[in-house]
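Q: I am new to this structure and would like to learn how to read its features. Please take me through them in turn.

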Amino acid sequence: MQDNHNNEGGAISQKSAEIVTAIIITLFGAIVMWDSNRIGAGWGSDGPESGSFPFYVGLLIVISGIVTTISAFRADSKELGDFVEHEQLRMVMAVLIPSIVYVAVIGFTGIYVASAIFIIAFMMWQGKFSAIKSILVAVPVNVFLFFMFEVWFTIPLPKGPLEAMFGY
Amino acid sequence: MEEINALMGGFAVALTWQNVMYMFIGTILGVLIGTLPGLGGANGVAILLPLTFSMEPTSAIIMLSCIYWGALFGGAITSILFNIPGEPWSVATTFDGYPMAQKGDPGTALTTAFTSSFVGAFVAVLMITFLAPMVAKFALKFGPAEFFAVQLLTFCSFVGMSKEPPFKTIAAMMIGFALAAVGMDTITGQLRLTFGEEELMRGFDFLIAVIGLFGLGEILLTMEEGLAFKGTEAKIDAKVVWQTWKKLPAYWATFIRGSLIGCWMGVTPGGATPASFMSYGIAKKFAKNPAGFGKGEMEGIVAPETAAHAAGTSALLPMLTLGIPGSPTAAVLLGGLLIWGLQPGPLLFVEKADFVWGLIASMYLGNIAGLIVVLTTVPYFAAILKIPFSIIAPVILVICAIGSYTVGNAMFDVYLMVVFGIIGYVFKKLSYPLAPMVLALVLGDTAEGAFRQALLTSQGDMGVFFANGLVGGITALALIMLFSPILSKLWGMVSGKKAAA
């Protein structure tokens with residue numbers, strides 16, 4: 001994600017995180033300004049054009065992004081310390097990466113199967129639970145969710161081959 | 001006395017057995033949401049919102065607002081028993097609540113917190129009952145310029161009052177406005193910021209942002225801190241409650257101060273958290289025994305809890321009367337109202353009086369229901385926190401994913417939720433405030449609409465925002481709020497120089 005500054009267990013320093021984020025925000029603001037300017041940010045025949053309000057919003061983003069970037073550059077990196085330590089980053093990734101995989105799998109298996117697999121994998125991997133215990137949590141939770149949404153509230157959620165087998 | 005009659009009518013609406021049942025379900029869900037990490041008032045209500053679409057609007061909003069009261073109560077449980085504030089405004093409650101629980105008095109600490117919350121909320125509801133119709137009547141005179149000025153005031157107060165650096169607050173807020181602009185422009189029908197992507201044409205739903213920012217983002221932060229819930233057992237019986245209630249009237253002054261601070265700060269946005277700290281600080285200053293603060297003083301629980309709840313409740317006043325929510329959760333409730341075709345604002349009091357008074361009556365009843373629920377069920381909720389995080393975390397993430405899907409029946413929203421989760425984590429760590437971003441995302445379209453209409457009537461003359469005493473006064477106040485960090489610094493320099501000379 002960001003470049004690694006290895007100093008005393010810190011994976012990413014607070015200073016570089018501040019700078020990178022502020023620059024991304026500035027760029028975001030610039031894109032907003034550019035696109036708003038494209039569709040017209042002036043005064044049309046029927047009042048302010050579509051792009052005028054977002055244009056100034058973008059301008060304010062760029063200004064605050066630049067100010068934040070400058071003050072981040074001027075800050076003392078030792079005083080700021082770390083954005084995340086290695087161990088913390090590992091823990092965060094241990095949640096984030098499975099979550100991303102989980103969300104990606106929903107498209108193929110439907111939400112209930114993906115959720116069950118996600119809970120089982122997470123419990124076994126992070127919580128060191130046995131496979132049986134994990135299944136005993138994941139399956140009832142998802143069966144409950146299935147009945148709650150599909151049957152009681154009749155709100156259809158993404159379903160896959162397994163649900164199709166049961167005729168849903 | 002008109003209000004009393006209207007309120008009695010409201011009680012008649014709210015007091016059907018179904019609505020009372022929804023009240024209890026709502027508060028129980030709310031307390032649950034308030035105690036679980038990664039689920040708070042805002043995203044809890046956001047996730048449950050789609051489930052209420054099939055319900056009757058009055059019942060639905062009663063249940064949703066009861067979830068809110070429940071979440072406010074729930075935050076105190078984790079603060080006192082585990083020293084983990086469930087919500088930002090319960091941070092000040094940990095100062096004295098946790099030491100008191102450690103000293104072997106968790107029951108007293110919890111009873112004190114719940115009772116104070118109840119009193120704070122009750123005072124705020126009283127204020128809403130009598131002030132809201134007046135504000136609404138006054139706001140009927142508002143034109144687009146006045147509405148924009150009030151919104152400007154809301155957003156400027158964020159800059160002026162937040163602890164975060166002003167430019168980070170502005171950046172976060174403006175990102176919210178930019179995201180709100182994505183999709184079709186409601187006035188001209190032009191597509192904005194979509195870059196030809198079909199998925200972006202629908203725009204960003206703020207519910208997705210709320211679920212991502214406060215759900216996944218919060219889980220990532222919790223994960224980082226490592227999870228060791230070291231808590232005290234909670235037992236509350238009638239005797240403890242009775243003995244605590246006998247002691248509480250002695251702190252009547254703290255109750256009054258806390259409620260007033262809370263009501264004042266709650267009407268202005270972002271109030272609950274600073275209100276709780278301010279109330280705690282003032283209580284300490286006036287206390288007979290200030291040295292006991294931080295070591296388990298009863299007054300140290302009364303002060304922040306009263307103020308936080310008064311603020312949390314009074315945040316609904318601007319939401320109902322002006323359509324401007326004072327907190328992210330109030331914003332989600334506003335989103336709910338819009339989905340049912342109820343446009344909050346002064347006209348709501350005229351056109352849907354039944355609904356408004358039913359809701360206000362349900363605030364009284366919901367808080368009583370909340371107090372009963374928390375006093376009787378605390379041990380069960382405390383037990384939930386004993387469930388290992390490696391079970392709770394994936395289940396909450398699954399709930400977040402389902403919640404984001406149901407908002408618009410789109411997989412794209414689920415992916416967006418993950419992106420917002422990452423943004424929430426990074427922003428929280430770099431102290432970019434999330435509340436103004438969410439409020440800007442909610443209010444973006446109406447603020448822009450008011451701004452454009454005002455400029456249209458004035459043919460582009462910015463002077464319309466100073467055209468008369470009313471709009472000029474609000475705009476001026478907004479600018480004072482915006483520049484208040486600089487003004488207070490200047491004031492400090494001037495008065496400092498005087499003191500030196």
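Q: Which residues line the second largest cavity?

A: On a 1 Å grid over the protein atoms alone, a cavity is a set of points where a 1.4 Å probe fits but cannot get out, and lining residues have an atom within 4 Å of a point. In this predicted model, the lining of the second largest cavity consists of A:Ser99, A:Tyr102, A:Val103, B:Leu216, B:Leu397, B:Ala401, B:Met417 and B:Val418. Two or more of these residues come from each of helix H4 (86-109) of chain A and, in chain B, helix H18 (389-408) and helix H19 (411-429); helices here are DSSP runs (H or I, at least four residues) numbered from the N terminus. H4(A) gives the largest share, 3 residues. By class, 7 lining residues are nonpolar, 1 is polar and none is charged.

Q: How much space lies in the second largest cavity?

A: A volume is the space filled by probe spheres set on the grid points, which are joined across faces, edges and corners. For the second largest cavity this is about 40 Å³, and the count of cavities of 30 Å³ or more is 2.

Q: What area do chain B and chain A bury between them?

A: The size of an interface is often given as the accessible area lost when the parts come together. That loss is taken with a 1.4 Å probe and summed over both parts. Chain B and chain A bury about 5,100 Å², with 81% of it on carbon and sulfur atoms. Of the area that chain B buries against chain A, B:Leu51, B:Met223 and B:Ile402 supply 12%, more than any other three residues. The contact (heavy atoms within 4.5 Å) takes 58 residues from chain A and 55 residues from chain B.

Q: How many salt bridges does the rule find across the interface of chain B and chain A?

A: A salt bridge requires a side-chain nitrogen of Lys or Arg within 4 Å of a carboxyl oxygen of Asp or Glu. The rule finds 1 across this interface. A:Glu18 forms a salt bridge with B:Lys168, with the closest N and O atoms 2.9 Å apart.

Q: Is A:Ser52 buried or exposed?

A: Buried means under 20% relative accessible area, exposed over 50%, and partly exposed in between (1.4 Å probe, protein chains only). A:Ser52 counts as buried because its relative accessibility is 8%. A:Ser52 lies in helix H2 (residues 52-74) of chain A.

Definitions and conventions:
Residues numbered from 1 in each chain as written. Chains lettered and ligands numbered in written order. Predicted model: local features only at pLDDT ≥ 70, side-chain atom pairs only at ≥ 80, totals over all residues. Heavy atoms only, no water. 1 Å grid on protein atoms, 1.4 Å probe; cavity = no way out; pocket = protein on both sides within 12 Å on 5 of 7 lines; lining within 4 Å. Nonpolar A, V, L, I, M, F, W, Y, C, P; charged D, E, K, R; others polar. Buried area = accessible area lost by both parts, 1.4 Å probe.
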